[in-house]
Amino acid sequence: MAKQKVRISSISVRDIRVPTSDSSSGSDAFHKNPDPDYSAAYLEISTNIPNLNGVGFVFTIGNGNDLVCRAIEAYAQPLVGCSLGVFTSNPGAFWKKLNDHPQLRWLRDGINRMAFGALINALWDLVSKYHNKPLWQLLAEMPSEELVNLVDFRYLRDALTPEDAFALLERRFQGLDHHVASVIAAGPPAYCTAGWSGLELDDVERRTRHAHDELKLPAIKAKVGLDIEADRARMERIRSVIGENGKLGVDANQWWGAPDAIAHMEALADLNPWFIEEPTHPDDVFAYQDIARALRPRGILIAGGEHASGAVSFKNLLRADALDLVQIDVARVGGVNELLAEILLAAKFDKPVCPHAGGIGLCNGVQQLTIFDQIRVGGQRDDQICEWIDFLHDGDTMLTPVEIKDGRYCVPQVPGFSWEMTPSFLDAHEFPNGDVWRDRQEHFALRYA
Ligand SMILES: [Mg+2]
């Protein structure tokens, strides 16, 4: 895999923000007044080879995006002048070097892990482009031993050993061409949120009709957590379109403690929610366990993971039998290597990977991992879905927009992560001096009185 002739010539990190709060798209129980401004801390690695670059980014919701940019620079700047071989000679060892940084490590998860994950993902984008393959294909064709070597098993061995991982990867290496053809014929099922908390009910219904009737999405999601009657009204409006048997998930974005979550969802159980997503604090394994034990007998599954800081979080939730839908996030946990660990953990516990993608560019990114999972690890299963959002993913934003057909993701054939944003979008939305922001820099300023 050594590609010594590629040399990193420069990096750029840009603070990109979109005033999505203007339309309440993205609003939920926690993130409101002001609503989120979908943002990206956007890293581009340039090389000595013309038109060969690597892109990675972190999704945030506005304030703090600049902090992530600085953290990405701290990890990425030392790569300038290096050969790509410092990564490709042993990507697993490189990942450990970042994760074990002797000083930045003190910052632990959150910004730190997001930042080095952006670099890891940009390098995988670069390597995939060098090989002229989409990332899903590069990973799917990799021998099991190489994939195992990408993962740091130090904190996972009590639930997942390298031998377990090898066996899981070997299962579907046989017949790979068949599995690829099967996923290309029917990509991951997509779903979207139609019931953002800040929307009027007529708008919720309009969005549901578009998603269900026109796009044929097999599931719809609503935000919950504010008050039961408001949640009920939003869910009933969606049910009026998708019928009583349509799949309806709900998402509390961590708003409740365990007793509140159980009481609130029991009060909504007659509306037959498929799952409750992030019912409580993402680190509270015992609360998740209590909620799962209370709600599964009512037919409500437990979803979560978009705020999990890494594979250890998923390991604990899965070991505690507290999670049903494994919602990996492509831009939070340390990049492709750690995502592979999460996908393997889901397979070990026989749970579906149902990625989180509610954010700018995340659909483009995570489709690569979920397609890889369906081909090589977890396979195609009825309870697997991948989030999709109907804004900020068109050709004005993304160079190669995600395609949805008959309610499913189409498998992308573009080399790399296929998540580059268009130059005009980047220029207009750069904070604080792009055209979109120049005259509205007080758009969100924290005030205490
Ligand atoms: Mg969510």
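**Strands, metal site and cores**

Mentor: Strand β5 (residues 219–223) is mostly covered, for five of its five residues are buried. Buried means under 20% relative accessible area, exposed over 50%, and partly exposed in between (1.4 Å probe, protein chains only). Helices (H or I, at least four residues) and strands (E, at least two) are DSSP runs, numbered from the N terminus. This is a predicted model, in which local features need pLDDT of at least 70, side-chain atom pairs count only at pLDDT 80 or more, and totals for chains, interfaces and linings use all residues. Residues are numbered from 1 along each chain as its sequence is written, and side-chain values use heavy atoms, with hydrogens and water left out.

Trainee: Which residues of β5 are buried on one side, and which on the other?

Mentor: A219, K221 and K223 are buried on one side, and I220 and A222 on the other.

Trainee: How many bridges join β5 to β4, and how many join β5 to β6?

Mentor: Two strands pair if DSSP finds at least two bridges between them. Here β4 and β5 run parallel and are joined by four bridges, with K221 in β5 as the bridge partner of T193. Five bridges join β5 to the parallel strand β6 (residues 247–251), where D251 is the partner of K223.

Trainee: Through which helix does the chain cross from β5 to β6?

Mentor: The chain passes through helix α10 (residues 228–242), in a right-handed β-α-β crossover. A crossover is right-handed if, with the strands pointing away from the viewer, the path from the first strand over the helix to the second runs clockwise. Another right-handed β-α-β unit is made by β4, helix α9 (residues 201–214) and β5.

Trainee: Which residues coordinate the magnesium ion?

Mentor: Donors are N, O and S atoms within 2.8 Å of the metal (3.2 Å for Na, K and Ca); water is not among the atoms, so sites may look incomplete. In this model D251 (OD), E277 (OE) and E306 (OE) coordinate the magnesium ion at 2.0 to 2.2 Å. E277, in strand β7 (residues 275–277), and E306, in the loop between β8 (301–304) and α13 (311–319), link distant parts of the chain, 29 residues apart. Both E277 and E306 are buried.

Trainee: Which residues touch the most other members of the largest nonpolar core?

Mentor: In soluble globular proteins, nonpolar side chains tend to be buried together. A nonpolar core is a set of buried Ala, Val, Leu, Ile, Met, Phe, Trp, Tyr and Cys residues joined through side-chain atoms within 4.5 Å. The largest one has 143 residues, of which W124, I276 and F372 touch the most other members. Helix α4 (residues 111–130) gives the most to this core, with 11 residues. Domain 1 (8–132) and domain 2 (176–425), whose bounds come from an automatic or database domain assignment, both give residues to this core, so the core lies between them. A second, separate core of eight residues includes Y191, A219, W274 and I385.

Trainee: Where is Y191 found, and what does Y191 touch?

Mentor: Y191 is found in strand β4 (residues 190–195) and is buried, with a relative accessible area of 1%. Contact means heavy atoms within 4.5 Å. Not counting residues up to four places away in sequence, Y191 touches residues including A219, K221, E277 and I385.
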